[in-house]
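Biologist: Hi! Could you walk me through this model? I'll ask as we go.
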Amino acid sequence: MGRFKLLFIALLALLASAAPLHAQEPITATTDAMVQPETPRRLLFTAEASSSAGDLTAARLFFRPTGSTTRISEPVQFDPAPTVELSHEWQMQQNGTPPGAQIEYSWRLTDEAGNTFETPLQTIVALDPRFEWETIEDEELAIHWYDGNEAWGQEMFDTGRRAMDQLEEELGTDITRQVRLVAYRSGDDFRGAFPPQQDWIGGQAFPDLGVTVQIIGAGDDEWMETVLFHELSHLVFHQALEGALASPPSWLDEGLAMYNEPESRDSEARVRAAAEAGQLLPFSQLQGNFGAEGATVGLAYAQSQMMVAYLIEDCGEEGFQQIIENMVDDMSVDGAMESACGYDAQTLYDDWRQTLPNPPSNSPSEAGTAPDTDVNAPAQSGLSPLLVTFLVGGLCFVGLLGLAIVFIVIRLMRPQGGQA
């Protein structure tokens, strides 16, 4: 029995000593990635690889921004050799990827013996190389800035944490992926990171990628707080709707972000003035892109904020959370609202419109209700003036045609003169 035990232990030792030799890969590689300092921004992927089994013959790079559903695959050309240096550039700016996006990447390498090796997945946060960035982060939030000292960065981060906690409670959701805010010092610095755009644009959010890029100068506490609550609302709301069949319309997404700002802007005064002047935007104009004209965009934001405030007050916070749950369960926006609150988005707009100056006398939401009438007003004909004109003209024409026929018949029946 003892001899068998010794033999068993010796066999295990032999297997253990052989394992590293069996696991050793014939292909090895070291990889890196960096954003090029020249504009437009380009992300440079590099790798140095070797094979102990002969020449390396093929290389392919795989990468995607975190949050994107599409993985990009690019073959990389090189001259076959046992050791090679590889590189591939990707045009970030031209492909609409913002500074601060996190990029995942790996390489797949093949040698002439048919061995294939895929490098471990690596990530890079692709910040703008024109500036020296500072970062404070935890598992849910990262703040990137270069203007201001560490105390200013900590203040931004603490404000962001307060916003995140409030939003998670308000929306009934938990953050599953880190979100990032990139703070530029000035409009010129900000615009240099993007293709040409309207001068009044002061920030951009990329909810799919979990990134928002904003203009926040050091020491501007009030603006910083407003921006963080507004922009993080977009990112948290998007994560709350992850898996939903329908995307939120602009009035709901932007209106919620405005609603979450700690110091509400004077949207009500602006909207009431527009209502008194008969210049409110129709509901259809709040569904998609708000346009490029600054005044119209501002009014669209203000109307959206008031609509969301009206919705949350009328349907309640639990009802609003139910709308989100319904959308995640593959309901349309209207279906989610009807199930949670008893009305669709158009009805919400119509009912809210009734609270403002110059409300329509008979909105679509009041279908089936007769319009107000003046009991002293004369009864109106059911026929339109245009139709009456056509009828009178037609009768006149028929009368004249009849007279012409009678005249012709009389002439034909009269005896012909000039006969003996």
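Modeller: Happy to, and let me begin with a definition: a salt bridge here is a side-chain nitrogen of Lys or Arg within 4 Å of a carboxyl oxygen of Asp or Glu. With that in hand, Asp138, Glu140, Arg161 and Asp165 are linked in a network of salt bridges. Please keep in mind that this is a predicted model.

Biologist: Thanks. How many salt bridges does the structure hold?
Modeller: The structure holds 11 of them.

Biologist: Back to that network, then. How far apart are the N and O atoms of Arg161 and Asp138?
Modeller: The side chains of Arg161 and Asp138 meet at 3.1 Å, N to O.

Biologist: Which other salt bridges can you show me?
Modeller: Glu118 pairs with Arg108, with the closest N and O atoms 3.2 Å apart. That pair links distant parts of the chain, with Glu118 in strand 7 (residues 116–118) and Arg108 in strand 6 (residues 101–111), 10 residues apart. Both count as partly exposed: Glu118 has 37% relative accessibility and Arg108 has 34%. There is also a salt bridge between Asp189 and Arg185, where the closest N and O atoms are 3.8 Å apart. In that one, Asp189 is buried at 13% relative accessible area, whereas Arg185 is partly exposed at 45%.

Biologist: Let's zoom out. How many helices and strands are there in the protein?
Modeller: There are 10 helices and 13 strands. The protein has 420 residues, of which 40% count as buried. Looking at contacts with a separation of 6 or more, residues 24 or more positions apart account for 66% of them.

Biologist: Okay, helix 5 next. How many of its residues are buried?
Modeller: Helix 5 is mostly covered, with 9 of its 10 residues buried. Among them are Trp251, Leu252, Leu256 and Met258, and the buried set also includes Asp253 and Glu254.

Biologist: What covers those buried residues?
Modeller: The cover includes helix 2, helix 4, helix 6, helix 7 (294–328), helix 8 and helix 9 (345–353).

Biologist: Now the charges on the surface. Which residues gather in the negative patch?
Modeller: Glu155, Asp158, Asp220, Asp221, Glu222 and Glu263 gather there. Helix 2 (150–171) and helix 4 (221–240) each supply at least two residues of the patch.

Biologist: Where does Glu263 come in?
Modeller: Glu263 is in the loop between helix 5 (250–259) and helix 6 (267–276). Glu263 counts as exposed because its relative accessible area is 55%, and the cut-off for exposed is over 50%.

Biologist: Switching to glycines: where is Gly217, and what does Gly217 touch?
Modeller: Gly217 is in the loop between strand 13 (211–215) and helix 4. Leaving out residues up to four places away in sequence, Gly217 touches Asp147, Trp152, Tyr184 and Arg185. Gly217 and Trp152 are 65 residues apart in sequence, with their C-alpha atoms 9.9 Å apart.

Biologist: And Gly335?
Modeller: Gly335 is in helix 8 (residues 333–341) and counts as partly exposed at 22% relative accessibility. The C-alpha atoms of Gly335 and Ala345 are separated by 9.3 Å, and the two are 10 residues apart along the chain.

Biologist: Last topic, the backbone. Which residues other than glycine have a positive phi?
Modeller: Two to look at are Asp330, with phi near 75 degrees, and Asn358, with phi near 55 degrees. For context, most residues other than glycine have a negative phi.

Biologist: Where do those two lie?
Modeller: Each is in a loop: Asp330 lies between helix 7 and helix 8, and Asn358 lies between helix 9 and helix 10 (385–413). Asp330 is also partly exposed, with a relative accessible area of 46%.

Biologist: Great, thanks for the tour!

Key
Residues are numbered from 1 along each chain as its sequence is written. This is a predicted model: local features need pLDDT of at least 70, side-chain atom pairs count only at pLDDT 80 or more; totals for chains, interfaces and linings use all residues. Side-chain values use heavy atoms; hydrogens and water are left out. Patches are made of residues with over 30% relative accessible area and no salt bridge: like charges are joined within 9 Å, nonpolar side chains (Val, Leu, Ile, Met, Phe, Trp, Tyr) within 5 Å. Accessible areas come from the Shrake-Rupley method with a 1.4 Å probe; for residues, only the protein chains shown count as cover. Lys and Arg count as positive and Asp and Glu as negative; His and the chain ends are not counted. The place of a charge is taken as NZ of Lys, CZ of Arg, CG of Asp or CD of Glu. Helices (H or I, at least four residues) and strands (E, at least two) are DSSP runs, numbered from the N terminus. Buried means under 20% relative accessible area, exposed over 50%, partly exposed in between (1.4 Å probe, protein chains only). Contact means heavy atoms within 4.5 Å.
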